[in-house]
Amino acid sequence: MATRNVVKKEDPILRKQSRVVTKFDERLWELLDDMAETMYADEGVGLAAVQVASLKRAVVVDIQDGRGITELINPVITHEEGTQYEIEGCLSIPGEYYETIRPERITVEYDDRHGQHHVEDVEGFRAVCYCHEIDHTNGILFLDRLNPDPHDREELEEMARKRRAEKAERAERMKS
Ligand SMILES: [Zn+2]
């Protein structure tokens, strides 16, 4: 494993469409391993292959919620609902953090590193990260998703509190 250079926002490659992965081979696995190492070295929560100058539809995510790394190959969002606001940054755009508008819940279909197909429903911050990284595979940056009328910090914190409370309530309902 090795870290790779992360391309920065001026690099035109970030605006390119990545290509569908058809070979789930050792070259792909090496790329995914290097992407993970690069993401952890830069203390990011996600990284797309295009950010290390590889135009493959491949993404790694680790939002430090105990699940560990998730690898999304050829990810496609097939359903989205709701709205959430989040302060986002990007390893390709260091030092810049702005509020974006994202769906609250999404369904994503993707392959894993062995080509096995998965369908997953995610919400909250994981949904934000998946959207951010999947955008990268389509040449879209979080700067294209900014909320033109951002909330102040207290409003954002209040919304986050509400989301956590709703999530806890849903989890409680599913138990009973
Ligand atoms: Zn990014």
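**Fold and selected residues of a predicted model**

Of the 176 residues of the protein, 28% count as buried, a residue being buried if 20 or more other C-beta atoms lie within 10 Å of its own, exposed if 12 or fewer, and partly exposed in between, with C-beta atoms placed from the backbone. The model is predicted: local features need pLDDT of at least 70, side-chain atom pairs count only at pLDDT 80 or more, and totals for chains, interfaces and linings use all residues. Residues are numbered from 1 along each chain as its sequence is written.

The protein has three helices and seven strands, where helices (H or I, at least four residues) and strands (E, at least two) are DSSP runs numbered from the N terminus. Their order along the sequence is α-β-β-β-β-β-β-β-α-α. The C-alpha trace spans about 45 × 40 × 25 Å along its principal axes. The radius of gyration of the protein is 16 Å, in agreement with the value near 16 Å for a compact globule of 176 residues; this radius is taken over C-alpha atoms, and the globule rule is 2.2 Å times the number of residues to the power 0.38. Of the contacts with a separation of 6 or more, 65% join residues 24 or more positions apart, a contact meaning that the C-beta atoms of two residues, placed from the backbone, lie within 7 Å.

Most residues other than glycine have a negative phi. Glu43, in the loop between helix 1 (26-41) and strand 1 (46-48), has a positive phi near 55°. Glu43 counts as exposed because it has 8 C-beta neighbours inside 10 Å. Ala53 lies in the loop between strand 1 and strand 2 (58-61), and its phi is also positive, at about 65°. With 13 C-beta neighbours inside 10 Å, Ala53 is classed as partly exposed.

His117 belongs to strand 7 (residues 117-123) and is exposed, since 10 other C-beta atoms lie within 10 Å. Leaving aside neighbours within four places in sequence, His117 is in contact with Glu109 and Asp111. His117 and Ile73 are 44 residues apart in sequence, and their C-alpha atoms are 9.2 Å apart.

Glu157 is part of helix 3 (residues 153-175). With 11 other C-beta atoms within 10 Å, Glu157 is exposed. Its C-alpha atom is separated by 10.0 Å from that of Glu86, 71 residues away along the chain.
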